[in-house]
Amino acid sequence: MTEAERPARPGTGRTQRPPQPAGDAVTLRSMAPVLVILCTGLFMVWLDTTIVNVALPDIQESLGTTFTGLQWVVNAYTLTFACFMLVAGDLGDVFGHKRVFLAGILGFTAASALCATAPNIGVLLFARGLQGASGAVIMPISLSLITAQGGTPRVRAAAVGIWSGVGSLGLAGGPLIGGLLVTHFGWASVFWVNVPIGLLAALAARRCIAAPRGHAGRRIDTVGMLLFSAGVGSLTLGLIQANDWGWTSPATLAVLALSVALLAGFAGWELRTRAPVLPLGLFRDRSFTLPNLAGMVTFFGMFGVLLFLSVHFQSFEGLSAYDTGLRFLPLTAATAVAAPVAGWVTGRYGARLPLAAGCAISALGLIALTRVPMDDGYLEYTGPFVLIGFGTTLAVTPGTIAVLAAVMENRAGMGAGIVQTSRQIGGVLGVAVLGTVVIRHFRDRLPHALAQVMLPDGDRARIVEQLSSGGRPDVSGLSPGARAAILEPAGRALADSIQTAIGIAAVCNLVAAVLVLAAMPRRAPAPLKGGTT
């Protein structure tokens, strides 16, 4: 056994890297096999964040669930994803990134098969939770494995750009791919598609990926992991359920208060422990804090746009799952174009300018979207969607590179976990906060919108309740004229409410762009190693 192949001695904290090309010898071409495997896992994770949205009506009909049950089909994934993200990164640092990545891929594949075969909504929600936990493992660990391959700063920046672009493509392409699958093969196909891909990715990863061993001498911050997971889980639960429970209800206030207490306890523990899962000193570095903030803001807007426009297109515009996905195609295409551009620009000019530009371009796209009448055709959405997709992807890559540059190389899993956790929390806030804006605005406008519609009191109350809960009203027993008289003004009221929420997201993106441009240090592209612990 050579010296390079020997495991690290316990207590030394030393890492042994498998034999590989060193320094400048590592190129994108030499990294290609590993990069394809890692991006495949990442694509599955982001795809399942949005692909299920277009399958919800078929799931409701097949499993006989309520609208709240459908919300949890999405939220179960989001909740476990947010809870386990940072934890997974640290586990990779301790036990070895390759080993943990394989466990995540196999877990995600098994959970997908369970989703596809779920006989009832309870089993489906459990399986979606497993998917989220496994996805939380795959995402930060795949990024850590990229940094472990070596290469110059520009090569790594380009690799991270491809990785970020593939993730954005999966997120944006979910509605289109889901629409195709649901239309031709049924709702279970959006989960079955992961099984062969996941198995092939696991086999290829086992053979092709070489990565440093874990740091056997370093202790796991178990208490910190538990406090963080419970705190973020409580926060996510409170934000998600607040629309149903009421923002001032005892249940909502209790859950949010619990999250504050748990996260405060987490912060106090991290300041005392010797090996924190999240070194809070990192947040003194604006090159670390501002990219995380910008990532939260861009996903805040992106998640809200995808969710609420999908509901509007299908519930009030009458589009099919496939047509809804097709409407988002410009956004998907823009992410594919932006990915290599973002990596190249960041590698050449550093993270500050492209990060600020990405937030600003996203804001312009959101502002343009508020000016589009939502009953217009395909072409009117093209410009805004291109700007949103391009801007979000342009912001993701430099933000990721800047965060990784601020942490030691042997804590890359922790750094990757932080940057992805911040974005996921941004997405949760986007759905929760913007959802509250949409629902409250819509409920306030709905009585006035339907004031001129002549309906029996019983039908009126039922239809208002169905609309207020976010569902398409049952108007099958009404005349065509009465249906149009209900759906057209209700659709306009919902469109106006969605545009109000999108305007808030645009302002947040503009503020983030200004903060990054004004406060983030001007720094040359970092080598993705060194920095502070």
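Is Gly358 buried or exposed? Gly358 counts as buried, at 0% relative accessibility. This is a predicted model, and the sections below take it from the whole chain down to single residues.

## The whole chain

The protein has 533 residues, and 56% of them are buried. Its secondary structure comes to 18 helices and 0 strands.

Take the contacts between residues at least 6 apart in sequence: 82% of them join residues at least 24 apart.

The largest nonpolar core holds 75 residues. Which of them touch the most other members? They are Phe101, Met139, Ile146, Ile209, Leu309, Leu369 and Phe385. A second, separate core has 21 residues, among them Val52, Leu56, Ala116 and Ala127.

Phe385 is then in contact with Val305, Leu309, Arg327, Phe328, Pro330, Leu331, Ala334 and Leu369. Leu309 and Leu369 are also on the list of core residues that touch the most other members.

## Helix α1 and its two partners

Helix α1 covers residues 28-50, and helix α8 covers residues 194-208. The two pack at an angle of about 150°, with their axes 9 Å apart. Angles over 145 degrees count as roughly antiparallel, so α1 is roughly antiparallel to α8. Their crossing is left-handed. From α1 come Val34, Ile37, Thr40, Met44 and Asp48. They meet Asn194, Ile197, Gly198, Ala201, Ala204, Ala205 and Cys208 of α8. By class, the contact of α1 with α8 has 8 nonpolar, 3 polar and 1 charged residues.

Helix α1 also packs against helix α5, which spans residues 121-147. Here the angle is about 150° and the axes lie 9 Å apart. That makes α1 roughly antiparallel to α5. The crossing of α1 and α5 is left-handed. On the α1 side, the contact uses Met31, Leu35, Leu38, Gly41, Leu42, Val45, Trp46 and Asp48. On the α5 side, it uses Arg128, Gln131, Gly135, Ile138, Met139, Ser142, Leu145 and Ile146. The residues of the contact of α1 with α5 divide into 10 nonpolar, 4 polar and 2 charged. Asp48 of α1 takes part in the contact with α5 and in the contact with α8.

## Helix α4 against α5

Helix α4 (residues 97-116) packs against α5 too. How far apart are the axes of α4 and α5? They are 8 Å apart, and the angle is about 155°. The two helices are therefore roughly antiparallel to each other. α4 passes α5 in a left-handed crossing. The contact of α4 with α5 has 16 nonpolar, 9 polar and 2 charged residues.

Gly358 sits in helix α14, residues 352-369. Beyond its neighbours within four places in sequence, Gly358 is in contact with Gly391, Thr392, Leu394 and Ala395. Thr298 is 60 residues from Gly358 along the chain, yet their C-alpha atoms are separated by 8.6 Å.

Gly427 belongs to helix α16, residues 412-449. Gly427 is buried, with a relative accessible area of 0%. Which residues does Gly427 touch, not counting those up to four places away in sequence? They are Phe299, Phe300 and Phe303. Gly427 and Phe303 are 124 residues apart along the chain, but 5.3 Å separates their C-alpha atoms. Gly383, in helix α15, has a relative accessibility of 37%, so Gly383 counts as partly exposed. Between Gly383 and Leu369 there are 14 residues in sequence and 8.5 Å in space, C-alpha to C-alpha.

## Thr400 in helix α15

Helix α15 runs over residues 378-405 and contains Thr400. Is Thr400 buried or exposed? Thr400 is buried, because under 20% relative accessible area counts as buried and Thr400 has 0%.

Thr400 has contacts from elsewhere in the sequence. Leaving aside neighbours within four places, they are Leu143, Val160, Trp163, Ser164, Val419 and Arg423.

Methods
Residues are numbered from 1 along each chain as its sequence is written. This is a predicted model: local features need pLDDT of at least 70, side-chain atom pairs count only at pLDDT 80 or more; totals for chains, interfaces and linings use all residues. Side-chain values use heavy atoms; hydrogens and water are left out. A nonpolar core is a set of buried Ala, Val, Leu, Ile, Met, Phe, Trp, Tyr and Cys residues joined through side-chain atoms within 4.5 Å. Buried means under 20% relative accessible area, exposed over 50%, partly exposed in between (1.4 Å probe, protein chains only). Contact means heavy atoms within 4.5 Å. Axes are lines fitted to C-alpha atoms, for helices over the stretch in contact, and angles run from 0 to 180 degrees between N-to-C directions. Helices (H or I, at least four residues) and strands (E, at least two) are DSSP runs, numbered from the N terminus. Angles under 35 degrees count as roughly parallel, over 145 as roughly antiparallel, 65 to 115 as roughly perpendicular and the rest as oblique. A crossing is left-handed if the near helix is turned anticlockwise from the far one by less than a right angle, and right-handed if clockwise. Ala, Val, Leu, Ile, Met, Phe, Trp, Tyr, Cys and Pro count as nonpolar, Asp, Glu, Lys and Arg as charged, and the others, Gly among them, as polar.
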